[in-house]
Amino acid sequence: MLRQVCCSGFQPFRQRLLPWLQSTALSRSRATDRVQSSAIRHVRSWSNIPFITVPLSRTHGKSFAHRSELKHAKRIVVKLGSAVVTRGDECGLALGRLASIVEQVSVLQNQGREMMLVTSGAVAFGKQRLRHEILLSQSVRQALHSGQNQLKEMAIPVLEARACAAAGQSGLMALYEAMFTQYSICAAQILVTNLDFHDEQKRRNLNGTLHELLRMNIVPIVNTNDAVVPPAEPNSDLQGVISVKDNDSLAARLAVEMKTDLLIVLSDVEGLFDSPPGSDDAKLIDIFYPGDQQSVTFGTKSRVGMGGMEAKVKAALWALQGGTSVVIANGTHPKVSGHVITDIVEGKKVGTFFSEVKPAGPTVEQQGEMARSGGRMLATLEPEQRAEIIHHLADLLTDQREEILLANKKDLEEAEGRLAAPLLKRLSLSTSKLNSLAIGLRQIAASSQDSVGRVLRRTRIAKNLELEQVTVPIGVLLVIFESRPDCLPQVAALAIASGNGLLLKGGKEATHSNRILHLLAQEALSIHGVKEAIQLVNTREEVEDLCRLDKMIDLIIPRGSSQLVRDIQKAAKGIPVMGHSEGICHMYVDSEASVDKVTRLVRDSKCEYPAACNALETLLIHRDLLRTPLFDQIIDMLRVEQVKIHAGPKFASYLTFSPSEVKSLRTEYGDLELCIEVVDSVQEAIDHIHKYGSSHTDVIVTENEKTAEFFLQHVDSACVFWNASTRFSDGYRFGLGAEVGISTSRIHARGPVGLEGLLTTKWLLRGQDHVVSDFSEHGSLKYLHENLPVPQRNTN
């Protein structure tokens, strides 16, 4: 069945609870009144939320194999650990955090899912209330006894947990009721003990009650009845059945009993680590498989609560065996707690996901480590060895052309009817394309002789103290590309030449082509034992998840649509992104332009390959050229080439019957469509380009050298041409051999990025027992700072 699903971000609910955060004790009536009055001031407007449709129906039986499938979860249990629900002082609730969790649960419930909460917090809430009552009682007695209001130091007795639970249950439930009410959701409390699961009649009653509540769209809030529950007995699990000793085991038991699709366990750590969190070598385990317990060292339990991580893992594995998927994640981190639950349901890489299905190949984290170590080995090779690898790859492209084209044919057949014509053209490989690729790769091999380790600067700091600046690889590159299998060998060759490790993530539409091209790249790398330096990510990893691997990836290079680039720039956390979000290229036809040159340049720039990022998108024409033979020739040529024309506002004002007026002057069509606008001068053309362009490639067509030079010097774009097609903006045509992309940023690399753009530098200082104190005011040495000649490397 299809349900309407909200996709907007959440409004922080904690703003409605600010009056609570200053309160030291909350009675049931006060809690209800304050939430309701606060919510009236800030009522959520659901009418502004966009909706999408996704299927939620699922037959329960086996757990989900991959995170990406979690979005299909229909019935979900969310377990809130004591550390999540309580404040740091363990006396009272973390109200803002709790409100955020309620908001996320409400959103998922309103999507048509069936949500259940297993919550801690009654003891902490009761402790807060009892402490307040004790203090109030002692202060009144002391005031009556002494006859004065001045209070002395008062000792608070140790509070028994069962009494605290009894005092806190009603207030905790009132709090939940008040919060859920703001989202038009009803909540119901269910208190259970271990005996309720061992008694068959009680089990049936509990099961029936929960199913009836879910049927009525009510959120059950389940908790162990800590007011009467006996102490947990060690090793009390029955054969094949987990014993309810804490809320972890309760959540697992409930999830299996209710045949839920997903159990989310929120704690105060990010997930499961291979060693105690906080230790130097601790790494978060993304996916945990049954049988991996031996590879994990458990630390101490959380600051509050009955269970530690070992108890959570045991409960999670039991639930997994029962057919319920499990994720353990951090519910306390202020930066993620506001969306942790919804992120998990959306399949994002949050916490530790428990799966019974092990992938056939390495994880993306393992691939990142292999690319790092392989890249470092690659960087230590001699330039001739790296060049030999690239030459071998170029030979393989031509020698194995039949196998490559056969794989590409499979991709084209599968994409037929699913991809637009421009994307199909990008996807297609041919013999001529493979020959051109081989030529470009050999150019890269030639230029790689003088790349890594090249000395850029030498300085004599002092006697016998010399400094060098040399080129080195950036590290590990992540290149994400769409519908462009020819991109893979180009980028691979550039990574090899620059000594960088490489992670490749291609579009699924080019799966067969990418697979064989990657195998050929690894075959070439194998001749010098660095096969693992280039990795193709074949797992179901989302691009957004890859962009979070900031400890493994040093630079992200997107190759594809402007939307892809924008999405990656938005998703990248702490990793620089090299690329351009749009290719809005302009050509300005000056009043002194040559008639013979204009039509050739416009045709080549627009029609030769309209899907390319360096294709012409906006044609600026000097006003004096309107209603001239040159203008008519341009329009006739575009009509013959079947280019759809969109008129800019000024151009439309000159025409009685104009083409359709452009919707936006900042549009990348990527097809046989072109915007035409009129300008009064070269300065107006420059201003237009700066306002509506994307700093990619812009051209002037004129015979006036002074005007041309003015345009070249004043247009602030990565590539600026005079009397040349925009299509020359390309690494191969620039003589770079190939490019990893075209960058419009102003840092590090700009324009077509070839081998030089994939290098950075490091400083090498060679001394003989030099210390800074020798160069102080009263020291024995003085700085020389002499520039030394840079050695010329042999490139033959």
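Of the 796 residues in the protein chain, 53% count as buried, where buried means under 20% relative accessible area with a 1.4 Å probe, counting protein chains only. Before going on: this is a predicted model, so local features need pLDDT of at least 70 and side-chain atom pairs count only at pLDDT 80 or more, while totals for chains, interfaces and linings use all residues. Residues are numbered from 1 along each chain as its sequence is written, and side-chain values use heavy atoms, with hydrogens and water left out.

The secondary structure comes to 25 helices and 26 strands. Helices are DSSP runs of H or I with at least four residues, strands are E runs of at least two, and both are numbered from the N terminus. A contact means heavy atoms within 4.5 Å. Among contacts between residues at least 6 apart in sequence, 75% join residues at least 24 apart.

Now to two helix pairs. Two packed helices are described by the angle between their axes and the distance between the axes. Axes are lines fitted to C-alpha atoms over the stretch in contact, and angles run from 0 to 180 degrees between N-to-C directions.

Take helix H9, residues 247–257, and helix H10, residues 309–321: their axes come within 9 Å and cross at roughly 5 degrees. That makes H9 roughly parallel to H10, a label for angles under 35 degrees. On the H9 side the contact is made by Asp248, Ser249, Ala252, Arg253 and Val256, and on the H10 side by Ala311, Lys312, Ala315, Trp318 and Ala319. By class, that contact has six nonpolar, one polar and three charged residues. Nonpolar covers Ala, Val, Leu, Ile, Met, Phe, Trp, Tyr, Cys and Pro; charged covers Asp, Glu, Lys and Arg; the others, Gly among them, are polar.

At what angle do H17 and H18 pack? The angle is about 25 degrees, with the axes 10 Å apart. H17 and H18 are therefore roughly parallel to each other. From H17, Leu488, Pro489, Ala492 and Ile496 meet Asn514, Leu517, His518, Ala521 and Leu525 of H18. By class, this contact has seven nonpolar, two polar and no charged residues.

Is Gln522 buried or exposed? Gln522 counts as buried, because its relative accessibility is 11%. Leaving aside residues up to four places away in sequence, Gln522 touches Lys531, Ile534 and Gln535. The C-alpha atoms of Gln522 and Ile534 are separated by 7.0 Å, and these two residues are 12 apart along the chain.

Definitions and conventions: Buried < 20%, exposed > 50% of the residue type's maximum accessible area, 1.4 Å probe, protein only. Parallel < 35°, antiparallel > 145°, perpendicular 65-115°, else oblique.
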